[in-house]
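Biologist: Can we walk through this model together? I'd like the overall picture, then some details.

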Amino acid sequence: EQLCAAVRRVCARRRPVSRASSVADLSGALARPDAIVCTTLQKLARLAPGAAPTARYALLVDECHRSYSGDDVWKRLAAALNGPPALVAGFTATPEERELKALGKPVHCLPLAAAVRSNFVLDVCRDFRAPRLTVALVDAATGKPIR
């Protein structure tokens with residue numbers, strides 16, 4: 001959602017930007033030769049092979065970690081979109097070796113402290129309060145409380 005909003009702010013003056021919320025929406029949006037389409041990799045991967053028109057395309061992948069790093073996802077995308085993308089840019093706060101292998105060397109890294117200072121992410125530890133829990137020990141053999 002955030003990435004699509006950012007793309008819309010930057011690109012909407014030059015090209016139409018649409019958000020595909022279903023595979024049917026995606027098929028219709030891809031039929032426009034000048035379209036910029038925001039969707040999920042799962043929807044792209046569920047397109048029938050060759051369903052998209054032949055065109056150069058780029059993928060901007062938000063939260064590109066874990067489930068997106070397998071070779072199968074990229075093979076299905078290439079089949080559905082008539083070939084590999086001209087550019088893949090992945091955004092993640094938690095890159096792992098699999099993502100680096102799939103997407104290559106990072107172009108830019110923003111340290112978490114800098115992201116918090118810039119209000120890009122919330123400082124989840126700032127207001128953390130550990131819950132107070134009441135614990136009762138029970139003897140496993142008798143089921144009676146242990147004091």
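Biologist: What share of the 147 residues counts as buried?
Modeller: In this predicted model, 23% of the 147 residues of the protein chain count as buried. Buried means under 20% relative accessible area, exposed means over 50%, and partly exposed is in between (1.4 Å probe, protein chains only).

Biologist: Start with H1. Which of its residues are buried?
Modeller: Leu3, Cys4, Val7 and Cys11 are the buried residues of helix H1, which spans residues 2-11. They cover an arc of only 100 degrees around the axis, so they sit on the same side of H1. The arc is that of the directions from the helix axis to the C-beta atoms.

Biologist: What is exposed on the other side of H1?
Modeller: Gln2 and Arg9.

Biologist: What covers the buried residues of H1?
Modeller: The cover includes E1, E2, E3 and E4. Contact here means heavy atoms within 4.5 Å.

Biologist: Now H2. Which residues are buried there?
Modeller: In helix H2 (residues 23-30), they are Val23, Leu26, Ala29 and Leu30. Their arc around the axis is only 120 degrees, which puts them on the same side of H2. The buried residues of H2 pack against strand E1 (17-19), strand E2 (36-38) and helix H3 (41-45).

Biologist: Switching to E3. Which way do the side chains point?
Modeller: They alternate along strand E3 (residues 58-62). Leu59 and Val61 point to one face and are buried.

Biologist: Why does Leu59 count as buried?
Modeller: Because its relative accessibility is 9%.

Biologist: How do E3 and E4 pair?
Modeller: In the parallel sense, over 5 bridges, with E4 spanning residues 87-91. Two strands pair if DSSP finds at least two bridges between them. In E4, Phe91 is the bridge partner of Asp62. The C-alpha atoms of Leu59 and Val88 are separated by 4.8 Å, though the two are 29 residues apart along the chain.

Biologist: What about the surface? Which residues make the nonpolar patch?
Modeller: Leu110, Leu112, Phe120 and Val121 make a nonpolar surface patch of about 410 Å². Val121 is in the loop between helix H6 (112-117) and strand E5 (137-138). At 34% relative accessibility, Val121 counts as partly exposed.

Biologist: How is a patch defined?
Modeller: Patch residues have over 30% relative accessible area and no salt bridge; like charges are joined within 9 Å, and nonpolar side chains (Val, Leu, Ile, Met, Phe, Trp, Tyr) within 5 Å. A salt bridge is a side-chain nitrogen of Lys or Arg within 4 Å of a carboxyl oxygen of Asp or Glu. Areas come from the Shrake-Rupley method with a 1.4 Å probe; for residues, only the protein chains shown count as cover.

Biologist: Last one. What does Ile146 touch?
Modeller: Leu137, Val138 and Asp139, not counting residues up to four places away in sequence. Ile146 is in strand E6 (residues 145-146).

Technical notes
Residues numbered from 1 in each chain as written. Predicted model: local features only at pLDDT ≥ 70, side-chain atom pairs only at ≥ 80, totals over all residues. Heavy atoms only, no water. Helix = DSSP H or I, 4+ residues; strand = E, 2+ residues; numbered from the N terminus.
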